[in-house]
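Open the model in the viewer and keep the selection panel at hand. The stops below are given in the order in which to select them.

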Amino acid sequence: MTTLFCIAVALAAGLLMSRPAKLLKLPAVTGYLIAGVLIGPYCLGRLGIEGLGFVSMESLESLNIISEVALGFIAFSIGNEFRLSQLKETGKQATVISIVQALTATLFVDVSLFVTHLILGEDKLPLAVVIVLGAIATATAPAATLMVVRQYKAKGKLTDLLLPIVALDDAVGLIVFAVSFGIAKALKSGQVDMVSIIVEPLLEVVCSLVLGALVGLLFTFTETFFHSNSKRLAISITFVILTVALSKLNFSIGDVNIGFSSLLTCMMLGSVFCNICETSEEIMERADKWSGPLLVLFFVISGAELELSVFTKLSVVAVGAIYIIFRSAGKYIGAFASAKATKCDDNICKYLGITLLPQAGVSLGMTITAMQLGGEEGSFIRNIVLFSVLIYELVGPLLTRIALTKAGDISPKELGKTARRIKPKA
């Protein structure tokens with residue numbers, strides 16, 4: 001009962017907070033995140049009243065399945081952007097920009113934190129932490145970006161290029177993180193393990209794409225047996241949830257550990273489905289509408305999980321500020337330079353980097369792996385990323401909206417609709 005009541009409170013809080021967010025001309029996702037913070041363990045949760053808010057981080061764990069399924073639907077929707085007809089125009093640009101901006105962000109964070117490491121010393125900022133944080137800097141949050149695009153019905157060259165880049169960014173990030181984490185572990189143990197540094201990350205990406213493609217083929221075949229819209233929607237939901245479940249599999253062959261990325265697997269599911277099913281556009285549009293309340297819950301829960309206690313630690317704030325500044329600079333400069341090199345429009349060159357700043361789910365997932373470093377290093381990495389996620393998630397959606405508006409992908413008409421909806425009747 002308590003869990004169901006918490007879900008109802010979370011949904012109500014998110015929807016209510018979306019009203020003042022509109023008044024302040026903020027994206028709805030920012031309102032959802034703030035609602036989560038307010039009913040989280042650091043605000044209403046402190047009252048200790050079960051159901052009124054989340055009284056502890058442990059109380060949020062029962063809702064993890066909602067976040068996992070929501071991320072599956074987000075990745076499934078992004079897979080729809082990989083239609084072959086569109087990739088012929090933007091595929092090369094998206095691939096080049098994804099790799100360059102991700103690696104540039106890693107380089108900027110690594111260099112800036114390495115200088116900080118030399119100043120502070122190994123005791124206060126270990127080299128292993130520097131390397132891992134540089135890798136985490138690659139990750140971009142697809143959820144916040146997708147929600148802004150949906151809310152304002154963004155359309156245009158920047159939006160067409162942005163969503164594939166966000167999806168490919170995760171693949172690049174997984175590889176960079178796995179390699180960097182392997183190096184960090186080698187620094188601590190003094191032993192170099194080439195299997196975990198090179199073989200396992202590549203296998204994770206390849207296996208995720210293969211699994212997603214196979215389930216996508218099965219999805220398309222199964223869909224032909226149903227003709228009513230309601231049953232096709234049910235089949236879509238079934239296969240997305242099934243894919244999320246399958247992506248949790250983890251097994252070993254000899255010394256090699258094989259796992260899957262739920263984001264990459266669900267993205268491939270959507271990509272295969274949208275390219276070989278004739279009715280894919282209609283089905284995916286219905287699935288997007290169904291997942292709306294699920295995404296509200298996802299962002300409210302994400303806001304509740306943000307640990308405000310990180311602000312009380314001066315070392316976390318200082319290193320976190322350096323991380324945010326140089327990651328942002330790396331994302332922007334990398335996107336700008338690669339967009340110029342691939343002859344993108346001026347508006348894309350100017351504003352693409354700003355839309356790539358949000359960071360959340362993928363980076364937090366990386367910190368779980370980073371905790372394997374043990375000791376203070378793992379906790380320090382998690383606190384830095386939590387600090388950056390708090391800043392990026394609250395500011396990032398607004399910056400994305402501004403960038404898409406400046407680029408002409410969000411029309412003044414869509415922005416005006418928000419203002420008209422909240423005006424009281426005379």
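This is a predicted model. Start on the surface: select Leu107, Val111, Val115, Ile119 and Leu120, which form a nonpolar patch. Together these residues have about 470 Å² of accessible area.

Within that patch, pick Val111. Val111 sits in helix H5, which covers residues 84–120. Its relative accessible area is 47%, so Val111 is classed as partly exposed; the class lies between the cut-offs of 20% and 50%.

Next, select residues 262–276, which make up helix H11, and find Leu264 in that helix. Is Leu264 buried or exposed? Leu264 has 1% relative accessibility and therefore counts as buried, the limit for that class being under 20%.

To see what surrounds Leu264, show Ala167, Ala171, Leu174, Val205, Ser208 and Leu209; these are its contacts once neighbours within four places in sequence are left aside. Then draw a C-alpha to C-alpha distance from Leu264 to Ser252: the two are 20 Å apart in space and 12 residues apart in sequence.

The last stop is helix H10, residues 229–246, where Ser236 is found. How much relative accessible area does Ser236 have? The value is 0%, so Ser236 is buried. Which residues does Ser236 touch, not counting those up to four places away in sequence? Display Phe219 and Ile283 alongside Ser236 to see these contacts.

Terms used: Residues are numbered from 1 along each chain as its sequence is written. This is a predicted model: local features need pLDDT of at least 70, side-chain atom pairs count only at pLDDT 80 or more; totals for chains, interfaces and linings use all residues. Side-chain values use heavy atoms; hydrogens and water are left out. Helices (H or I, at least four residues) and strands (E, at least two) are DSSP runs, numbered from the N terminus. Buried means under 20% relative accessible area, exposed over 50%, partly exposed in between (1.4 Å probe, protein chains only). Contact means heavy atoms within 4.5 Å. Patches are made of residues with over 30% relative accessible area and no salt bridge: like charges are joined within 9 Å, nonpolar side chains (Val, Leu, Ile, Met, Phe, Trp, Tyr) within 5 Å. Accessible areas come from the Shrake-Rupley method with a 1.4 Å probe; for residues, only the protein chains shown count as cover. A salt bridge is a side-chain nitrogen of Lys or Arg within 4 Å of a carboxyl oxygen of Asp or Glu.
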